[in-house]
Structures are given as structure tokens and as C-alpha cells.
Amino acid sequence: MSNLNLKAKKETTYDAIVIGSGASGGWAAKELCEKGLKTLVLERGRMVRHIEDYPTASKAPWEFEFRGTVPIDKRSGLSAGRWQTEETMHWALAEDEQPYIEEKPFRWFRGYHVGGKSLLWARGTQRWSDYDFEGPARDGFAVDWPIRYKDLEPWFRHVETFAGFCGSQDGLAELPDQVVQPGFELSCIEKYYSDQLKTLYGNRHLIQGRMAHLTDPQEIHKQQGRNQCQNQKMCRRGCIYGGYFSSNAATIPWAEKTGNLTIRPDSVVESIIYDDEKGKAIGVRIIDRHTKEAMEFYSKIIFVNASTINSNAILLNSKSNRFPAGLGNDNGLLGKYLGSHNYRGGGFATYEGFFDKAPEGQHPGHAYVPRFRNVFKQDTDFLRGYAIGMSGSRRLGSDTSMIGHQLRDNLLNKEYGVWTMSAWMQGEMVLEEDNHMRLSETETDKYGIPKIVMSVEWKENDDKMTKDFMEQQQEMFEKMGFKNISVRDSGNPPGSDIHEMGGVRMGHDSKTSLLNKYNQLHACPNVFISDGACMTSTSTQNPTLMFMTLTARAANYAVDELKKMNL
């Protein structure tokens, strides 16, 4: 019997375990497998293979039975949200999969399938500068980051070169240049807005959005089997061309080619196993999503990349004699200082001009105004700042509601409306201790795992920031001659942007943080957390590039430490 037990344990033992297969989990798998580690990736959701498992990719509107609308009976049992269309139903989450408790209103969007939210993201990719890293130290909120731009700059290049991004080189101190292919061209109204910003304000800039799309694939991307973005704007269905970066198109197949990767989908992680005698984590306990069977897998190192909220939950549920309040939680801060980006502010306006110009084609990008508030000094009554996403277009004004000859004639006689410009803020939410998540003491889900309790709310600083965006966006539109201006506060709750961050923050001191500068738990160094949970502050950039970069750096450090026998 003992020989059978030894054999069974050997078959479930790996060099490394990665929890989660999204953007950061895929990078952990790639880096660890490339360095020769036998790596197990545990994914809560179903298997999704690149190309073959994108059922609606590139479909024309008339190929859908209900032209995109989903009948009520087919929505039964699915959670409400942005995936309830015919095009994206395959990403929808079952209502009973992971219900959570909203102590305060919170929107939590999840991607439970291999590839996670790397198949669903908006694909914006901007580097941080030292102005972003220094924010907490400068104004005293949260704790100082244990790293700076110079620590990540080579890893930014490493990730950007492999993943393939497009955009412009802008020479801005507040938004460092990146490794990019040619960006999506600005429309004439966006170029006008950009010129006016420089003239009217000097320190404000509208630039091409930096996006995770291939516009000029390099040899490394061809080796991945990926092709140029076709500008279909159907990205959230899954891209058969691999025109944008996802784990499924890039990092996971790359890891598989090494022969060192094992993927186990339908694996709901219950906790991390800590051995009190060895003084380290030794494995991961899962529940099979279909059979409900409990299983254990073992490894030397563990990367937790389950997405911010689930990564926090797994650590909180990983209790032992050594860690009665959750793995690594000696200071009681696990799950605290949680937040997201502030997307509440929006704006819209029209412009009566450029009537001799019309849009040509389409693309999946947008323009971008980097943060201009409180960058070089504190110049407002609120902390930190916001970036602005912008999109200018001119819609076809021809009536396309009819069919047959009338439709053909109207399309041939194109009539365009006025140019329009949309704007949306992406503000930094200052992370405060009482914004937190915890595990319910009385309620469990269908797997027997404690339900997550979300208790996150906007603070006065977020209100002031939203008000400033609305005032500034109104002023900018007015000074540039736009008409029919509308600015608004949506009032949407935290989490509405899919940018959850915090709860397992990095820092210098184990008394005030949970992770060191290499994303290791201070109190359990063979466990690494490098998804959004590790963030000390949020800044204003789209965060996925940061998660991928921190993960690549941490994975290479982990391999070096293993070789030195320090883990």
C-alpha cells in the first residue's frame, strides 16, 4: 500500500504549480516551462483551445440565428452581464458557479476558461513610470512600492517583444516609450483634438492608444503561429488569427512546445497546503468541477495567478497551525487595501467640421490621454489622477433599416453625419484599509468553499476626481469648439472596469505588506503572487502589462532561487 501511495504522489508532483491560466498565469507557465520546470497549470473553468474553441469568431451578423439577441430561455441559469449576446455567450458564467456576497455594491466580471480574461480584455497596454511607483510614498497613502521603473524596464521589453504591441513613440516622461509596432492611425478629429491640446494646455497629450495587437508581426510572432490583426473588431469572440495577445494564442502554446506543461481545467482550487514541519507550502488542494472529488497536487514552488479576488480568497482559505488567518497573513492585512479603477466619468460631443473627410475602414484601438493631474507635483484637492480614453468617429447617416434595392441604393449614396468624440476616464483609486474582501463565516458555495464577501466603496477622493474629470472634459470640449457637449457621472460601483487590484500588496516591510519585491510571500517564500492581487497602488494605466511583467520577472527569480536551493 505504501508503494501505491508513493507512486500516486509521484504522479501528482511537479516542479511548479500555477493557479490560473489568464494573462499572468500564462506568462508564469511560459517562463517556468522554458527554464525546464515541469509545470502544472490549474484552471477553474473549461478547456479552450486557440482557434478551434472560438465558435463565433469572424461570423457575419446574418449567420446568427437571432441576429445577436439571446432568447430568454437560453439565458436561464446564466449570470447577468456583458457576455449575454449570441457572439459571446460561450464566455458567460453560470449563476450558481461562484455566488458572492455584496456587503457593498461591487461588479465582478470573471473569465472561467483556459485563457481567462486574456480572451476578454480591452487590450490596452501602457508602461508605468517612476511617477506612478512613487505615488504612495509621495502622498503617504498605502505603502511605498519596493521596486521602481529601472527594476522593470528590461522585463517590460521582454514581455512587449514576445507579446507584440502597437502604438506610437511619444517621448513622455509620464508614460515611457515601449517596444511597439506601428499604431492605429488617429482620425482627423482625433488629430485635431491632439493639436488643440498641445496649443491650449501644453502639458496634455492625446496619443495613439498602445494596444496588444500585431500590426507588423515579427519572427517571434510568426513562430507562435500568429498573424496580423485584421481590424475586424470582433476580439471578444476569440481571434482565429492571433492578431491580439492572449494566453491561448501565445504563452500557453509556447509552454506546451517545451513538453514541460500539463494543463488541468475544471479544477477549483480550494487552498494551498502548508507543511508546518517543513515550514513551506507543499502543494495545492482542488475540487474537480464535475465530479466534486477533492484532490491534491504537490510542487516545490507555487504561483498564484487566479485573478485578484480569487487569489485573495485562496490565500484566506489556506489555513494551518502556522497561519490560522490565511497563508502568509501574519499582519492581518490579507484581503485589505482592495480597489479598482474609477471609470465613472464619461463625455460626448459633436464637431461641425471636416465635412470633406470620412472614416476609412475600422480598427480595434482608440486614442489615449495620459494622466496630467498631480504627475510632477500635487496640483489639485484630490490625490493621484486619471487618464482618458477617447474615440472620434463619423457615422454613416444613410438609412439602412430597409432591405433589397433601397438598402443597396442608400449604401451606394453614402451620407455621413457630423464627427463625434467620446471620452471616458480611468482614474486611480487610492487603496484604503477598510476597502476589503473576506470569507463568509456562515455561507459556502456548491463546492463547500466559503463565499467571498465584497466590501469596497468609492471614497471622497474618487468623487472629487470624477468631478474634476467632468469639469476638465467640459472645458476641453468647449475650448476646442465642440457642440452638444454631455459629461456625466455614471455612478457605477467599483469593479465595473474588470481592473480589480490589491489585497496581497508588495512592500519593503513584512509588518505592512505581504509580498517582497520579487512577489514572494514574506512568510512563505516558495509562494508567489503576481496577478492584480500584488498591486500596492493602481495608477491609471491599463494594468495587464504590469501583471505580465511582474510575473515574468518573478518566475525567472524563482527558477534562480530553486537552482540555489533557496526554496
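Which residue follows helix 9, and what is its phi? Helix 9 is followed by G259, whose phi is positive, near 80 degrees. This report describes a predicted model, in which local features need pLDDT of at least 70, side-chain atom pairs count only at pLDDT 80 or more, and totals for chains, interfaces and linings use all residues. Residues are numbered from 1 along each chain as its sequence is written, and side-chain values use heavy atoms, with hydrogens and water left out.

**Covered helices**

Helices (H or I, at least four residues) and strands (E, at least two) are DSSP runs, numbered from the N terminus. A residue is called buried under 20% relative accessible area, exposed over 50%, and partly exposed in between (1.4 Å probe, protein chains only). Helix 9 spans residues 247-257 and is mostly covered, with 8 of its 11 residues buried. Those buried residues are S247, N248, A249, A250, T251, I252, W254 and A255. They pack against helix 2 (23-34), helix 6, helix 8 (219-223) and strand 7 (261-264), where contact means heavy atoms within 4.5 Å.

Helix 10, residues 308-317, is also mostly covered, as 10 of its 10 residues are buried. Among them are T308, N310, I314 and L316.

**Helices that cross**

Two packed helices are described by the angle between their axes and the distance between the axes. Axes are lines fitted to C-alpha atoms, for helices over the stretch in contact, and angles run from 0 to 180 degrees between N-to-C directions. Angles under 35 degrees count as roughly parallel, over 145 as roughly antiparallel, 65 to 115 as roughly perpendicular and the rest as oblique.

The axes of helix 6 (residues 149-163) and helix 13 (residues 544-563) come within 9 Å and cross at roughly 105 degrees. Helix 6 is therefore roughly perpendicular to helix 13. On the side of helix 6, the contact is made by D151, L152, W155, F156, H158, V159 and E160, which meet L545, M546, M548, T549, L550, A552, R553 and N556 of helix 13. By class, this contact holds 9 nonpolar, 3 polar and 3 charged residues. Here Ala, Val, Leu, Ile, Met, Phe, Trp, Tyr, Cys and Pro count as nonpolar, Asp, Glu, Lys and Arg as charged, and the others, Gly among them, as polar.

Helix 7 (residues 188-200) packs against helix 12 at an angle of about 100 degrees, with the axes 10 Å apart. These two helices are therefore roughly perpendicular to each other. Y193, L197 and L200 of helix 7 meet Q473, M476, F477 and K479 of helix 12. The residues of this contact divide into 5 nonpolar, 1 polar and 1 charged.

**Aromatic rings**

Rings of Phe, Tyr and Trp (its six-membered ring) pair if their centres lie within 6.5 Å; planes under 30 degrees apart count as stacked, over 60 as edge-to-face and the rest as tilted. By this rule the model has 21 aromatic pairs. In one of them, the ring centres of Y351 and F482 are 5.2 Å apart and the planes stand at 55 degrees, so the pair is tilted. Y351 lies in strand 12 (residues 345-351) and F482 in the loop between helix 12 (460-479) and strand 18 (483-489), so the pair ties together parts that are 131 residues apart in sequence. Both Y351 and F482 are buried. Ring pairs also link Y192, Y193, Y351, F354, F477 and F482 into a cluster.

A charge sits over a ring if NZ of Lys or CZ of Arg is within 6 Å of the ring centre and within 35 degrees of the ring normal. The charged end of K30 sits over the ring of F162, 4.7 Å from its centre, and R505 lies over the face of Y337, at 3.9 Å from the ring centre.

**Individual buried residues**

| Residue | Relative accessible area |
|---|---|
| S267 | 1% |
| Q208 | 18% |
| G326 | 0% |
| R123 | 9% |
| D266 | 14% |

S267 belongs to strand 8 (residues 267-275). Leaving aside neighbours within four places in sequence, S267 is in contact with L42, E43, R44, I286 and I287. D266 lies in the loop between strand 7 and strand 8, and its phi is near 55 degrees, a positive value in a residue other than glycine.
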